[in-house]
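The following exercises are to be worked with the sequence and the coordinates at hand. Each task is followed by a solution in steps.

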Amino acid sequence: MSALLEIDDLRIEATSYPPGEKPRDVTIVDGVSLRLERGRVMGLIGESGAGKSTIGLSAMAYGRGGVRITGGAVRLNGTDILSGGARGLRRLRGKAVTYVAQSAAAAFNPARRLMEQVIETTLAQGIPRSEAEARAVTLFARLGLPDPDTIGSRYPHQVSGGQLQRVMTAMALCPGPELVIFDEPTTALDVTTQIEVLAAIKEAIRDTGVAALYITHDLAVVAQVADDIMVLRHGKMVECGATAQIIGAPREDYTRALVSVRQVTHPEKSAAADPLLRIEAVTARYRGLALDVLKDITLDLAPGRTLAVVGESGSGKSTLARVITGLLPPAAGSVRFDGRDLSPALSGRSKNDLRELQMIYQMADTAMNPRQTVATIIGRPLEFYFGLRGAERDRRVAELLDEIELGKGFSDRYPAELSGGQKQRVCIARALAARPRLIICDEVTSALDPLVADGILRLLQRLQQEEGVAYLFITHDIATVRAIADEIAVMHRGRVVRQGPKAQVLSPPFDDYTELLLASVPEMREGWLEEVIATRKAATPEGTRA
Amino acid sequence: MQNGFLLKLVVQRIALGCLLLLAASGLIFVGTQMLPGDVAQSILGQSATPQALANLRAELGLDQPPLTRYLDWLGNALQGDLGHALSNGQDIASSIAGRLGNTLFLAGTAAAIAVPLALALGLLAVRFQGRWPDRLISGVTLATISVPEFLLGYLAMFALAVQFRVFPSVSSIHDGMSLGQQFQAIALPVLVMVLVVLGHMMRMTRAAILNVMQSAYIETAELKGLRRFTIIARHALPNAVAPIVNVIMLNLAYLVVGVVVVEVVFVYPGMGQYLVDHVAKRDVPVVQACGLIFAAVYIGLNMIADLVAILANPRLRHPR
Amino acid sequence: MSRIPLSALIGLVITAAFFGAALLAPWIAPYGMAEVAGGVWDPSSPEHWLGTDSIGRDLLSRMIWGGRITIFVALAATLVAFATGVFLGFLAAVSGGWVDQALSRLVDLLMSIPALIMALVILSVMPVTLPVLIAVMGLIEATRVFRLSRAVAADIEVMDYVEAARLRGEGMVWVIFREILPNALSPLVAEAGLRFIFMVLFISTLSFLGLGVQPPLADWGGIVRENKDGIVYGVPAALFPAVAVAALAISVNLVADWILTRTSSLKGGRG
């Protein structure tokens with residue numbers, strides 16, 4: 001008997017329109033084959049641009065944004081779906097194969113109630129409304145949604161992001177499909193929310209016995225839900241095998257690199273000297289808002305050390321950076337730098353204050369003026385702070401480009417001509433050009449693929465050793481914190497809930513929030529998710545799940 | 001509670017519209033006070049006798065402070081008294097009444113044809129996006145936004161009234177005409193006004209629908225295997241209502257301006273013709289009154305567009 | 001600069017021809033502006049390519065002279081609109097706070113009255129001279145330029161690279177001229193093209209209504225007005241200047257369209 005889904009030698013192309021050049025065809029997926037049996041879950045993993053979403057959507061014979069399937073075959077239950085015609089596709093899509101998108105908030109129609117959207121395809125199959133609604137309510141309950149009887153009468157904007165992702169899963173399961181495509185369903189969620197959605201999805205898959213393709217860039221996440229994993233890179237298959245084999249005994253170098261990501265290690269150094277940066281009892285709020293975004297924050301950072309400020313979105317960690325740089329004068333408290341008080345507002349700071357305190361941003365794309373060349377971007381601080389001009393300035397730019405491992409050939413390129421990692425390196429060089437004593441790094445690796453991010457972290461560490469610069473490292477990613485920090489401050493709802501040397505902060509006994517946060521970070525082993533859910537159920541009384 | 005929230009927004013928007021109209025009336029009043037030198041002098045000319053000048057000043061209320069004059073003018077206008085024309089002494093309100101009706105008849109007929117046509121053609125352009133109907137429509141749009149209304153008017157007149165004698169070249173209408181005769185009379189100006197707004201309206205409708213069709217929830221609907229018609233009717237249209245109404249209102253507002261030129265071309269007895277005549281005669285009270293009415297229509301249309309956008313927004317209709 | 005699409009090339013050639021004719025009017029116009037050279041509404045002939053007008057002046061010559069005035073007034077009014085609109089728009093975006101509020105609300109108010117109606121109201125009391133026309137049209141259209149440049153600058157203003165420049169300690173001048181302006185240039189250039197078209201249509205409409213350029217001077221709109229009575233007798237003299245307005249507007253539009261797509265896809269273009 002044939003497998004549920006068979007993809008043979010799939011080839012997918014798109015037309016790319018590079019600026020200023022002739023349009024050309026690019027291959028997005030190149031000769032990928034896979035076989036998925038009924039009731040099994042296969043994980044598709046790879047960096048952005050690996051073609052994993054494109055492969056997933058090909059199981060619905062759908063190409064997003066002008067993408068074309070130009071070769072190979074896709075068979076569902078032995079029937080070729082690529083030659084099915086419009087009527088065949090209507091029977092397939094939304095009935096036999098369904099889809100869960102990354103951003104449920106955008107994927108739901110804002111003008112219609114959730115229930116209408118959840119049961120839309122079920123009704124189209126001729127099932128009576130009462131039965132379809134009963135089915136949806138059962139799924140809502142199974143996915144752990146609050147008020148399963150009434151949540152369907154709400155509109156998408158009336159429920160939270162994590163809940164919406166679960167409703168979307170219910171929508172995919174409601175028509176009783178044979179295959180569900182999960183396309184990064186938890187990527188947009190906070191780490192503590194992700195784990196609950198992940199657990200709900202896993203339970204629902206097990207209970208309904210549906211087969212699934214689970215697409216993600218996070219190997220630790222996919223290891224929790226998938227029976228088999230296929231690793232993709234640049235549209236080609238790297239390797240495919242059982243989950244245990246892929247994470248336990250990878251055969252290919254690339255897979256090994258993925259499994260061992262964040263093997264950057266940083267022996268913790270003690271903070272011996274006087275603090276370089278001292279934040280004292282800082283409270284801050286935005287104009288027009290009554291709410292304090294930062295509440296009574298006190299932190300120290302020694303010269304040449306790294307303080308990691310970790311927290312989820314909305315914890316106030318980026319606001320802290322704005323207070324330190326002077327963009328948001330605090331409502332109370334002070335910022336001391338190298339023993340002197342920094343003026344609360346940017347306009348009151350001396351050129352030297354500004355020079356010694358530099359910043360690197362999350363999105364290197366928007367942090368560089370697209371109309372300036374790399375030489376201008378790096379050269380401006382040299383000119384502005386040190387008055388370097390002409391050949392002298394060019395020589396120093398070339399030196400800095402060497403330091404960030406790019407070479408002077410890059411100096412007359414524009415940001416649009418650089419890759420994501422190269423852009424971030426240029427931003428680092430711009431910060432270094434000022435010869436700062438402290439660099440604030442705001443989520444500098446979150447927008448990058450894991451291997452590229454690793455390279456950036458290594459570079460930052462090397463520069464710290466050579467230049468003795470201190471880092472205030474803002475991130476939501478515990479793995480990054482482990483890799484780079486000397487000291488850690490955990491932030492939650494505007495407060496520092498825990499701080500101290502890395503070893504101490506990451507060892508028990510924990511406060512409640514830090515424990516939740518640490519326990520929510522997926523670990524790269526099978527069975528981790530079940531353990532966490534079991535401990536959580538044991539710890540919390542019935543019915544208090546968020 | 002839900003309705004209370006919405007009601008508050010609606011009342012706020014209407015109040016804002018009224019405030020804007022009040023400010024606009026002030027602006028129009030100030031705009032007509034900028035004449036360098038003396039109004040009475042420039043109306044009567046250099047040879048006027050001092051007695052005549054003094055009489056006119058008193059009649060115009062020029063001996064009063066500007067604020068008093070503005071408040072008097074506004075107060076009277078609110079009661080339907082728009083004053084008397086300087087040039088012929090006629091009561092402005094009664095002169096305008098009939099002309100306003102004529103203008104609304106003309107603009108209304110044009111709108112009744114242009115709106116459904118533009119929506120249909122806009123949908124057609126979306127349906128055949130990138131293919132020849134779409135390109136044709138965008139080409140025509142580019143042409144019509146670059147062509148002055150008077151060119152379209154005279155071209156239509158030259159071709160259809162002079163060469164082929166299908167329609168009259170001058171669109172005079174009066175009470176004695178039957179409805180059929182009236183439509184026959186305004187056929188050419190209506191044609192021109194439809195052409196003037198059609199391009200804009202099609203292009204903006206197309207953009208509004210395309211914007212909605214590119215949303216992630218339309219992809220969700222496609223991946224549900226729904227029929228194209230179901231996708232458009234159930235998922236695209238409810239979200240496209242507000243932008244489309246906005247398109248329509250913006251273009252109706254555009255008609256308000258286009259009507260001025262078209263009326264002059266076809267010598268049509270409407271508000272636009274009346275306004276232009278009296279600007280040339282420097283008849284300030286008439287200009288003020290007409291300006292106020294045009295501004296009120298324009299502000300009102302924009303307000304309706306905003307109200308529909310508020311009422312169509314599910315986030316406002318069903319707050320958390 | 002590699003390839004110019006055909007439509008843009010046509011637009012460029014026609015635009016250049018119009019501007020060239022305007023500049024060279026004294027040398028290429030066969031007759032003088034006010035010179036009576038034939039009968040009333042003579043049809044076209046080797047001496048008068050486009051025939052003569054309502055009092056026997058050579059229509060082609062009048063159109064060349066009239067084009068000079070139309071283009072000059074439109075260009076000057078566009079400059080006024082841009083100088084005021086861009087300056088105030090950038091100022092509002094960069095300073096924010098009450099400056100932004102005051103300017104934005106004032107512009108909302110000015111835009112609540114249709115441009116043509118506003119112009120008619122003001123021209124009913126002002127002496128209709130070229131400087132007054134240019135100033136009135138320029139200031140009315142400046143509100144549209146203000147909206148655009150404020151929006152464009154506000155979009156750029158929130159970019160991290162502008163924040164980075166601020167954190168470096170750069171002054172207002174560097175931020176506006178080195179960070180914001182280069183990135184705002186392409187939408188502004190395209191907008192300048194569109195504004196110029198609106199100005200051509202605007203002045204032509206005003207003159208057609210008899211409230212723009214006053215005799216003895218005449219622009220294209222004025223020439224239409226002088227000859228409009230001929231239409232009912234089957235004399236197409238009024239159509240030529242009207243077609244000229246449309247041709248100029250369309251060709252500038254084609255060029256503006258091309259500039260917008262070209263500059264926004266340049267390397268280092270925005271998005």
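The exercises below treat the chains and their contacts in turn.

This is a predicted model, in which local features need pLDDT of at least 70 and side-chain atom pairs count only at pLDDT 80 or more, while totals for chains, interfaces and linings use all residues. Residues are numbered from 1 along each chain as its sequence is written, and chains are lettered from A and ligands numbered from 1 in the order in which they are written.

**Exercise 1. Describe the fold of chain B.**

Step 1. Count the secondary-structure elements, where helices (H or I, at least four residues) and strands (E, at least two) are DSSP runs numbered from the N terminus. Chain B has 13 helices and 0 strands.

Step 2. Consider the extent of the chain. Along the principal axes, the C-alpha atoms of chain B fill a box of roughly 85 × 60 × 35 Å.

Step 3. A residue is buried if 20 or more other C-beta atoms lie within 10 Å of its own, exposed if 12 or fewer, and partly exposed in between, with C-beta atoms placed from the backbone. Of the 320 residues of chain B, 38% are buried. Two residues are in contact if their C-beta atoms, placed from the backbone, lie within 7 Å. Among contacts in chain B between residues at least 6 apart in sequence, 71% join residues at least 24 apart.

**Exercise 2. Relate the UniProt annotations of chain B to the model.**

Step 1. Locate the annotated domain. The unreviewed UniProt entry places "domain: ABC transmembrane type-1" at residues 100-305 of chain B; such annotations may be inferred rather than shown by experiment, and positions are given in the numbering used here, with feature names shortened. This span is 83% helix and 0% strand, and its end C-alpha atoms lie 22 Å apart.

Step 2. Examine the segments annotated "transmembrane region" in the unreviewed UniProt entry, among them residues 104-124 and 182-201 of chain B. Residues 104-124 are 100% helix, with end C-alpha atoms 29 Å apart. Residues 182-201 are likewise 100% helix, and their end C-alpha atoms lie 26 Å apart.

**Exercise 3. Characterise the side of chain C that touches chain B.**

Step 1. Count the residues: 36 of chain C are in contact with 39 of chain B.

Step 2. Assign them to elements. Helices H5 (115-123), H8 (172-208) and H10 (239-264) of chain C each give two or more residues to this side, and the largest share, 8 residues, comes from H10(C).

Step 3. Classify the residues of chain C, taking Ala, Val, Leu, Ile, Met, Phe, Trp, Tyr, Cys and Pro as nonpolar, Asp, Glu, Lys and Arg as charged, and the others, Gly among them, as polar. The division is 28 nonpolar, 7 polar and 1 charged.

Notes:
Nonpolar A, V, L, I, M, F, W, Y, C, P; charged D, E, K, R; others polar.
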